Amino acid sequence: MSQKVLLPSRKVFSDVLFELAKKDKEIIVLTSDSRGSASVENFAKYLPEQFIDVGIAEQNLVSIASGLAGCGKKPFVFSPACFLTTRSIEQIKIDVAYTNRNVKLIGVSGGVSYGPLGSTHHALEDIAFMRAIPNMTVVLPSDTNQVRVLVEKLILYTGPVYVRIGRNPIEEVYSSENIQFEIGKGNILLDGDEVTIIATGEMVKTAYDAGILLRSKGIYARVVDMHTIKPIDEELIIESAKKTKFIVTIEEHNIRGGLGSAVAEVTAQNFPVKMIILGIPDEFSITGSQKEILEYYGLTSENICGAILRELKEG
Amino acid sequence: MEDIRYLENKAREIRRTIVEMIYKARSGHIGGSLSSVDILVALYYKVLKINPKNPNWPDRDRFILSKGHSVEGYYAILADLGFIEKKELETYCKFNSRLTGHPTVKLPGVEANTGSLGHGLSIGVGMALAGKMDAKEYKVYVLMGDGEQAEGSIWEAGMSASHYRLDNLVGIIDRNRLQIGGSTESVMSLEDLSDKWKAFGWSVVETDGHNIKELLDVLENIPITPGKPTLIIAHTVKGKGVSFIENKAEWHHRIPTDEEFAKMMEELS
Ligand SMILES: [Mg+2]
């Protein structure tokens, strides 16, 4: 791999959207005093007529977006995932989803990106909340190359979508030339028939590394990037359940209600298999850097690898 | 004057429909629906630029019923104007009806799904902003309850509307001084409501919310102050038109008995 400067998803998301917005005046960016954390300063500076900062008022933020969408605008709402999906959840449920408006909700600094700031700033329940709302699509891109394609797809997709991205620069999963991405279709990154590892968002790289590590030990794992949690790729989950001995899921989210639960809903009703659900336990997370927190809870490629080896031995 | 008499008769007719709908459905919010009728009639029969044959006409005025529970009069008017068929009113609150206890955009003419209080004004801010962005002439009207004024999100919306100088936005408060638990001032004091809205940068007008002429004098002269959103405090009586339920908090959503229904219809004939 060439030495590249790693970028955070939020920066790439904003840059791609900015280029599209220059050509499409209906694209409107909204934030709640989060232009810095969302990396949308370019809009404020160069496209002020397509930029709305409502101040620290997340409820108003989401309802205004609904009103704009009701008049044919294409609003993109940027706010830290922790506030966007909890402070304004009723506005999301009613004004966006129930009314079925074309609003894109971008939760930035998701998971434990804001590590040291504590649980007020962690978003570890956003997937559970958002996927329980009808009409809502939920996407967690895994790297900046996928983000580039995702933004273009979002413009073409009409309807409510929640996208969670992180804060920190991330390693690439895909090369920029070779990127397949379709909302609702998981990607197989590595194939194998011993075990399936399904990951989402910025844990995909970790899952991929675990797959490589297992290969070095002669164990062939299927590794899936499940970027869309809703609608989830049921076909791929069922096929994986049939093909491999068990399924491991990994997510930067509470183990209740997130990716693991979404996958289990499919396997339990179609082809029950043993599952190991890895994520943040059901507690208010310890604080530290994102990396330290993930390590503390065992969300590392070595640990995934270890869990799989144990299960293969005992199972 | 002819005009006003016509509108007053229309309001009486809508009140009868409201009482009938609630009586038949055994569901609804009678008090607040009756207090809102004259405001709705002034808007829908005189002020709003809308087209029942083309409900999504991009240049139309927008109306949002933020107090979504006062839905019966709203439906009655949408049916009377031809957005929906009058016959459909019989399905109100029945199984799988489009006429739910709170309005949704499934129904032609409805601009927002409301029912949870405190959302409508923010949605209206979004629609008014879109109008300004597109240099459109349309206006956005949002009818709120007075009990609803305790919702914090209303004040987020209020702050932003004046910040963005949305003089194409009109907030109307159905100031009937009651909410489900009693008088607004005993549950959570609102006064001085006018001063509060003025402090938020709105142009505030107080009117008699049952005097259609007075309502029109305000509604036909928007914006009151160029550059500022307009807030109308419409002083009303909860249960207006039926003497024995007027100003009674328990009639927020009580369902009339057979005897009460007969008396109501007699008073409204
Ligand atoms: Mg009231």
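Student: In this predicted model, does K291(A) count as buried or exposed, and at what relative accessibility?
Tutor: K291(A) belongs to helix α11 of chain A, where E295(A) stands four residues away, and the side chains of the two meet in a salt bridge. The boundary for the exposed class is over 50% relative accessible area, and K291(A) therefore counts as exposed, at 58%.

Student: Which residue forms a salt bridge with K205(A), and is K205(A) buried or exposed?
Tutor: K205(A) pairs with D209(A), with the closest N and O atoms 2.9 Å apart, and both lie in helix α8 (residues 204–216) of chain A, four residues from each other. D209(A) counts as partly exposed at 28% relative accessibility. The partner asked for is D209(A), while K205(A), with a relative accessible area of 15%, is buried.

Student: How many residues separate D282(A) and R256(A), and where do they lie?
Tutor: These two residues, both exposed, form a salt bridge whose closest N and O atoms are 3.8 Å apart. D282(A) sits in the loop between β12 and α11 of chain A, whereas R256(A) sits in the loop between β11 and α10 of chain A. The pair thus links distant parts of the chain, and the separation is 26 residues.

Student: Which strands of the five-stranded open sheet in chain A stand at its edges?
Tutor: The sheet has mixed pairing and the strand order β7-β9-β8-β11-β12, with a twist that averages 25° from one strand to the next. An edge strand has a single partner, so one of its sides is left without a neighbour in the sheet. The edge strands are β7 (187–190) and β12 (275–280).

Student: Which residue in β11(A) stands opposite T196(A)?
Tutor: Strand β8 (residues 195–199) of chain A runs parallel to strand β11 (residues 246–254) of chain A, and five bridges join them. Opposite T196(A) stands I247(A).

Student: Which helix packs on this sheet, and what angle does its direction make with that of β11(A)?
Tutor: The helix touches β8, β11 and β12 of chain A and spans residues 259–270. It is α10 of chain A, and the angle is about 145°.

Terms used: Residues numbered from 1 in each chain as written. Chains lettered and ligands numbered in written order. Predicted model: local features only at pLDDT ≥ 70, side-chain atom pairs only at ≥ 80, totals over all residues. Heavy atoms only, no water. Pairing = 2+ DSSP bridges. Helix = DSSP H or I, 4+ residues; strand = E, 2+ residues; numbered from the N terminus. Axes fitted to C-alpha atoms, helices over the stretch in contact; angles between N-to-C directions. Contact = heavy atoms within 4.5 Å. Salt bridge = Lys/Arg side-chain N within 4 Å of Asp/Glu carboxyl O. Buried < 20%, exposed > 50% of the residue type's maximum accessible area, 1.4 Å probe, protein only.
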